[in-house]
Amino acid sequence: MNIKRNKHFFDLYWEDILVSRIMPFLTIRECFNFRCVSRTCLQITDMYFAKLKSLKLMNKGFSPHTFEVFALTCKRLELLNLSRCVSITDTDLIPMLRRNPELINLNLSQCKNLTAKCLQPAILYCNNLRVLKLSKCSWLTTGAMEALALHQNQLEDVDLAFCVSISESCILVFIKKFRQLKTLNLEGNVQVTDKCLYTMSKYSTSLKLLNLGGCCEISDKGIMALALHCHNLEGLLIRGCTKVTENSLRLMRNRVHLDRRPAEIPPVPLNVQI
């Protein structure tokens with residue numbers, strides 16, 4: 001006598017169907033709710049987390065336990081975006097970075113409770129790192145920048161906007177090391193002068209997008225150097241750079257997108273005799 005057993009949800013192949021085809025449609029909250037249902041659900045969810053290559057938690061409020069779960073289960077991440085996660089600390093982040101040496105893209109912008117120490121695993125072990133975003137990370141130090149220049153080789157997209165604790169000298173070392181930079185954001189760094197632009201004109205010939213907004217110490221001399229040597233440049237942001245005038249900008253207007261309109265030529269008064 002054959003007794004047919006009712007099909008059960010967990011009879012589906014876990015890895016081929018549940019993990020690969022169903023779990024990606026769940027939000028993070030839904031994944032954790034599912035994880036709490038049973039031990040089987042926990043195993044399936046952790047299997048899914050272990051296969052993740054991208055984790056985006058930007059601006060999300062989450063408990064320390066939630067991040068601990070990710071830190072313990074995620075081991076194949078290539079992209080990690082934690083921008084504006086103000087509650088995260090070094091203790092939370094360091095274990096995750098140690099377990100994910102294949103990271104290519106790391107975004108810690110506006111993570112205010114971190115210190116430069118948190119970057120140590122990424123600097124030493126993430127040898128494929130190409131994108132690093134540290135906007136408004138006042139904790140970034142000159143020492144951390146020098147360590148990046150010493151151990152990393154492949155950075156192409158770097159955001160250092162409003163990183164006020166780093167010196168111009170370490171930025172110069174950084175530019176000289178990463179000659180394949182395509183995108184560089186130095187917005188709000190008043191320590192940046194024409195020295196940086198001269199160095200870029202020599203070493204950053206692959207540069208496509210450069211943000212110098214608020215770098216009030218740069219002048220026409222530095223912009224002219226960029227115009228003459230950075231032929232791949234496609235975008236230049238110079239809003240708030242009061243020493244930069246149309247004398248230098250006109251050299252690149254035909255090929256580079258600028259965030260400043262051409263200065264209007266004042267009308268010439270006509271003297272008409274009546």
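The side chains of Lys-133 and Asp-157 meet in a salt bridge, 3.3 Å from N to O. A salt bridge here is a side-chain nitrogen of Lys or Arg within 4 Å of a carboxyl oxygen of Asp or Glu. This is a predicted model: local features need pLDDT of at least 70, side-chain atom pairs count only at pLDDT 80 or more, and totals for chains, interfaces and linings use all residues. Residues are numbered from 1 along each chain as its sequence is written, and side-chain values use heavy atoms, with hydrogens and water left out.

**Salt bridges**

- By this rule the count comes to 5 salt bridges.
- The Lys-133 and Asp-157 side chains meet in one of them. The pair links distant parts of the chain, 24 residues apart: Lys-133 sits in strand S4 (residues 131-133) and Asp-157 in strand S5 (residues 157-159).
- Helices (H or I, at least four residues) and strands (E, at least two) are DSSP runs, numbered from the N terminus.
- Lys-133 counts as partly exposed at 22% relative accessibility. Asp-157 is buried, at 18% relative accessible area. The cut-offs are under 20% relative accessible area for buried, over 50% for exposed, and in between for partly exposed (1.4 Å probe, protein chains only).
- Arg-35 forms a salt bridge with Asp-46, with the closest N and O atoms 2.8 Å apart. Arg-35 lies in helix H2 (residues 28-35) and Asp-46 in helix H3 (residues 39-51), so this pair ties together parts 11 residues apart in sequence. Both Arg-35 and Asp-46 are buried.
- Glu-217 forms a salt bridge with Lys-243, and their closest N and O atoms are 3.3 Å apart. Glu-217 lies in the loop between strand S7 (209-211) and helix H10 (220-229), and Lys-243 in the loop between strand S8 (235-237) and helix H11 (246-249), so the pair ties together parts 26 residues apart in sequence.
- Glu-217 is partly exposed, with a relative accessible area of 38%. Lys-243 is also partly exposed, at 43%.

- Gln-110 has a positive phi of about 60° although it is not a glycine. Its place is in the loop between strand S3 (105-107) and helix H6 (120-125). Gln-110 is partly exposed, at 26% relative accessibility.
- Phe-162, not a glycine either, has a positive phi of about 60°. This residue lies in the loop between S5 and helix H8 (168-177). Phe-162 is partly exposed, with a relative accessible area of 33%.

**Packing of H8 and H9**

- The axes of H8 and helix H9 (residues 194-203) come within 9 Å and cross at roughly 5°. Axes are lines fitted to C-alpha atoms, for helices over the stretch in contact, and angles run from 0 to 180 degrees between N-to-C directions.
- H8 is therefore roughly parallel to H9. Angles under 35 degrees count as roughly parallel.
- H8 makes the contact through Glu-168, Ile-171, Leu-172, Ile-175 and Lys-176, and H9 through Lys-195, Cys-196, Thr-199, Met-200 and Tyr-203. Contact means heavy atoms within 4.5 Å.
- By class, this contact has 6 nonpolar, 1 polar and 3 charged residues. Ala, Val, Leu, Ile, Met, Phe, Trp, Tyr, Cys and Pro count as nonpolar, Asp, Glu, Lys and Arg as charged, and the others, Gly among them, as polar.

**Nonpolar core**

- The largest nonpolar core has 85 residues, of which Leu-108, Leu-212 and Ile-223 touch the most other members. Such a core is a set of buried Ala, Val, Leu, Ile, Met, Phe, Trp, Tyr and Cys residues joined through side-chain atoms within 4.5 Å.
- H8 gives the largest share of this core, 5 residues.
- Leaving aside neighbours within four places in sequence, Leu-212 has contacts including Leu-186, Leu-197, Ile-223 and Cys-241.

Technical notes
Angles under 35 degrees count as roughly parallel, over 145 as roughly antiparallel, 65 to 115 as roughly perpendicular and the rest as oblique.
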